[in-house]
Amino acid sequence: MNTTFLKACKGEKTDYTPIWIMRQAGRYLPEYHTIRSKCTFLELCKNPEQAAAVTLQPIDILGVDAAILFSDILVPLEKMGAALEFQEKRGPIFLNPIRDKNAVDKLGIPDPEDDLGYVMDTIRILTKELKDRVPLIGFSGAPFTLSTYLIEGGSSKNYINTKRMIYEAPDLYKALMDKITDCTIEYLKGQVAAGVQALQIFDSWAGVLAPCDFEVAGIPYVRRIISALKEVTDIPIIYFANNGATLLDQSLTSNADVLGLDWRVNLQEVIKKVDGKVSLQGNMDPLALFLPDNKLEQRVTNVLEQAKGARGHIFNLGHGIVPETDPAKAKLAVQLVHEISKKMR
Ligand code: 1CP
């Protein structure tokens, strides 16, 4: 097995910088569309053979150093009792937004095997298929990000309903967050038992919170998840707070092994701040994959240069790869990261 990614997470020496790409299985790949055209997105998530096949596509096509389970952060929320649809063009929709105590009380804590067995089965298929290849990353959303979908009923522009609940009904918000957190702990423990070799917690919308609100409504729940996981496993845990430059000090208290960084930050400045406590993952602008090849090479070199001095570095984009990306560019970026980082050793 290629363990370069796992070593970099733990801060061990590697021969080159490992790379994987957020949202590497998905809509920019024609091979994904071939499978996806025959079913809905949720049906695909719930079909272990097909979900495993889609997970493996970027390993074969791009040559990345880690696989990430094909599923979605919203899948466990459906099993808490929140009816979910993915509508073409509109994205995820929760039909009954959670806005009062009655709705929070009704939410349950799903059992990973009984309720989310299709995710666990996908992981079991993948750990077999990937045995001699690359590690498998499991994942969840972070409680704040998940709460925004439940409360808003889908994606949002200004998160008004979520912030109003945080400000006007803090006890209700805490009750909701405690339930989401308990659900996430069980879900991630289930993924570990099924065989994932690393975990990433996606806090995609953390950056909309002021640091004082992140302190109350965001980071304590992430800390609780990571400390519960650390009691049962020593696999690396990555915490990615998107648009989180202003939340870095607090993110460091999450006790994650790796912090994921978006492209808005300068890695050298982050390295000074984190002082060898964690490895770093990131942080090329996803749109840099639209640069001409020679400029892309420069950009990859810049990121690798900036990462010098990090305890460990895992190359990634600063957020998900966009559907319009040419897969050949993503493949080139993977090759460039491998070649250039080898020469820098
Ligand atoms: O139509 C389709 O085929 C669905 C498109 C799609 C895909 C391919 C969605 C809908 N989710 C996914 C897969 C997915 N989602 C993965 C797979 C593994 C991989 O990375 O290769 C992962 C890890 C996610 C995680 C996810 N889902 C996040 C966190 C990561 C991020 O990008 O910030 C979020 C916020 C979601 C919600 C979601 N899922 C899908 C949509 C359209 C959205 C909404 C995004 C928004 O609110 O803007």
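Modeller: Before we start, helices (H or I, at least four residues) and strands (E, at least two) are DSSP runs, numbered from the N terminus. This is a predicted model, where local features need pLDDT of at least 70 and side-chain atom pairs count only at pLDDT 80 or more, while totals for chains, interfaces and linings use all residues. Residues are numbered from 1 along each chain as its sequence is written, and side-chain values use heavy atoms, leaving out hydrogens and water.

Colleague: OK, let me try a residue. Where is S204 found?

Modeller: Look in the loop that runs between β5 (198–203) and α12 (211–217).

Colleague: And does S204 count as buried or exposed?

Modeller: Buried means under 20% relative accessible area, exposed over 50%, and partly exposed in between (1.4 Å probe, protein chains only). S204 comes out at 10%, so it counts as buried. Contact means heavy atoms within 4.5 Å; setting aside neighbours within four places in sequence, S204 is in contact with T145, N242 and H319.

Colleague: Now the sheet. In what order do the seven strands of the open sheet come?

Modeller: Strands of a sheet pair through backbone hydrogen bonds, either parallel or antiparallel. Two strands pair if DSSP finds at least two bridges between them. Here the order is β1-β4-β5-β6-β7-β8-β9, and the pairing is parallel. At the edges stand β1 (67–68) and β9 (313–317), each with a single partner strand, so one side of each has no neighbour in the sheet.

Colleague: How many bridges join β5 to β6?

Modeller: Five, with the two strands running parallel; L199, for instance, has I237 as its bridge partner in β6. Carry on to β7 and you'll find three bridges from β6, again parallel, with I238 partnered by V258 in β7. Another three bridges link β7 (residues 258–260) to β8 (residues 279–284), also parallel, and L259 has L280 as its bridge partner in β8.

Colleague: How many residues of β6 are buried?

Modeller: Five of the five in β6 (residues 237–241), which makes the strand mostly covered. In a regular strand the side chains alternate between the two faces of the sheet. Both faces of β6 are covered: I237, Y239 and A241 are buried on one side, and I238 and F240 on the other.

Colleague: One last residue. Where is K46 found?

Modeller: In the loop between α3 and α4 (48–62). K46 is partly exposed, with a relative accessible area of 31%. Not counting residues up to four places away in sequence, K46 touches E78 and Y118. The C-alpha atoms of K46 and V119 are separated by 7.1 Å, though these residues are 73 residues apart along the chain.
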